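These are my notebook entries on a model that I examined entry by entry. The structure is shown first, and my findings follow.

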Amino acid sequence: MSKFINCGLFVTGTDTGVGKTRITAILAHLLNDRGRVVRPRKPVESGCQLGDAGLIPEDAVTLQAAAKSDELLTIICPYRFESALSPERAAALVGKSLTLEEVSAACRQGVTESDFLLVEGAGGFYSPLASGVLNADLAVALSLPVLLVAADRLGTIGQTLLAVEAIKRRGLTLAGVVLNQVAPAVDPQMDNAAELSRWLGEPVLVTGHFETGDDESELILANSVLKNLAERLADNWMP
Ligand SMILES: Nc1ncnc2c1ncn2[C@@H]1O[C@H](COP(=O)(O)OP(=O)(O)OP(=O)(O)O)[C@@H](O)[C@H]1O
Ligand SMILES: [Mg+2]
């Protein structure tokens with residue numbers, strides 16, 4: 001498969017609900033601020049609510065706003081399903097099956113060499129995405145560095161190390177690991193950041209819990225953690 005995407009990032013997680021959309025949206029803001037044209041993609045979204053205009057892909061709507069994208073939602077998220085199940089299963093329930101070629105072509109559509117392609121997968125790195133296709137397969141097809149988002153909670157060390165090993169086994173570059181504080185408080189005796197850094201041999205990026213839901217304060221908080229990554233990505237950094 002051709003590797004014509006110059007610059008971009010594939011955001012995956014250790015699980016569903018770990019903060020992929022939240023972190024991807026913040027990165028979209030930060031990349032925008034650094035002058036990049038960000039092309040967000042959530043190529044397949046399940047669990048979409050049915051609205052007047054059809055199925056509404058909430059993650060894609062969030063990413064569209066964060067990236068200040070002028071693209072249609074049908075480009076950002078062409079494949080939408082109602083069931084809140086894995087996309088492969090949700091598609092099968094309505095008699096559809098998607099191929100890797102369809103999903104990777106959807107990610108590339110409308111993206112030029114100078115754009116920044118910012119893709120959010122669905123679920124975790126080894127979660128099914130399309131028919132016989134894992135998120136990992138899409139990341140490989142797009143040849144993008146991978147950012148792994150993990151929730152700061154009990155169990156995350158094992159899940160994170162498994163995902164990192166899988167990312168490396170696929171020959172992909174690990175752009176970083178974000179330990180995201182989804183819950184308002186964590187056990188003060190737990191120190192996932194230090195333990196993960198020790199196991200991985202590199203620092204992890206730790207985001208705080210965003211209490212307010214207010215975009216500005218969230219950005220200020222996140223800026224201190226994610227700005228170095230955003231700067232390197234904005235400069236076409238490929239480790
Ligand atoms: N650091 C944080 N502080 C507060 N709330 C957070 C934080 N990160 C995520 N959340 C909340 O946790 C929930 C899950 O986050 P998000 O939707 O970003 O996860 P996801 O990994 O994208 O999920 P999915 O697998 O459904 O795409 C959301 O309600 C989000 O607002
Ligand atoms: Mg999401």
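Entry: I located Lys68 in the loop between H2 and helix H3 (73-76). Helices (H or I, at least four residues) and strands (E, at least two) are DSSP runs, numbered from the N terminus. The model is predicted: local features need pLDDT of at least 70, side-chain atom pairs count only at pLDDT 80 or more, and totals for chains, interfaces and linings use all residues. Residues are numbered from 1 along each chain as its sequence is written, and chains are lettered from A and ligands numbered from 1 in the order in which they are written. I looked up the phi of Lys68 and found a positive value of about 50 degrees, although Lys68 is not a glycine. Most residues other than glycine have a negative phi. Lys68 counts as exposed because 12 other C-beta atoms lie within 10 Å. By the criterion, a residue is buried if 20 or more other C-beta atoms lie within 10 Å of its own, exposed if 12 or fewer, and partly exposed in between, with C-beta atoms placed from the backbone.

**Entry: H6 and Ser143.** I checked helix H6 (residues 135-142) for burial: six of its eight residues are buried, so H6 is largely enclosed by the rest of the structure. The buried residues are Asn135, Ala136, Leu138, Ala139, Ala141 and Leu142. Ser143 follows H6 and is found in the loop between H6 and strand E10 (146-151). I noted a positive phi near 55 degrees for Ser143, a residue other than glycine. Ser143 is partly exposed, because 17 other C-beta atoms lie within 10 Å.

**Entry: H1 against H2.** Which residues of H1 meet H2? I found Thr21, Thr24, Ala25, Ala28 and His29 in H1 against Asp59, Thr62, Leu63 and Ala66 in H2; contact requires C-beta atoms, placed from the backbone, within 7 Å. The residues of this contact divide into four nonpolar, four polar and one charged. In this scheme Ala, Val, Leu, Ile, Met, Phe, Trp, Tyr, Cys and Pro count as nonpolar, Asp, Glu, Lys and Arg as charged, and the others, Gly among them, as polar. The axes of H1 and helix H2 (residues 58-66) come within 8 Å and cross at roughly 20 degrees. H1 is therefore roughly parallel to H2, a label for angles under 35 degrees. Axes are lines fitted to C-alpha atoms, for helices over the stretch in contact, and angles run from 0 to 180 degrees between N-to-C directions.

**Entry: H7 against H8.** I then took helix H7 (residues 156-169) and helix H8 (residues 192-200), which pack at an angle of about 30 degrees with their axes 10 Å apart. H7 and H8 are therefore roughly parallel to each other. Thr156, Ile157, Thr160, Leu161 and Val164 in H7 meet Asn192, Glu195, Leu196, Trp199 and Leu200 in H8. I classed the residues of this contact as six nonpolar, three polar and one charged.

**Entry: Asn223.** Asn223 has its place in helix H9 (residues 215-234). Asn223 is partly exposed, because 14 other C-beta atoms lie within 10 Å.

**Entry: ligand 1.** Of the 16 residues around ligand 1, I found Thr16, Gly19, Lys20, Thr21 and Arg22 to come nearest; a residue is near if its C-beta atom, placed from the backbone, lies within 6 Å. Helix H1 (residues 20-33) contributes the largest share of the shell, three residues.

Notes. Angles under 35 degrees count as roughly parallel, over 145 as roughly antiparallel, 65 to 115 as roughly perpendicular and the rest as oblique. Two residues are in contact if their C-beta atoms, placed from the backbone, lie within 7 Å.
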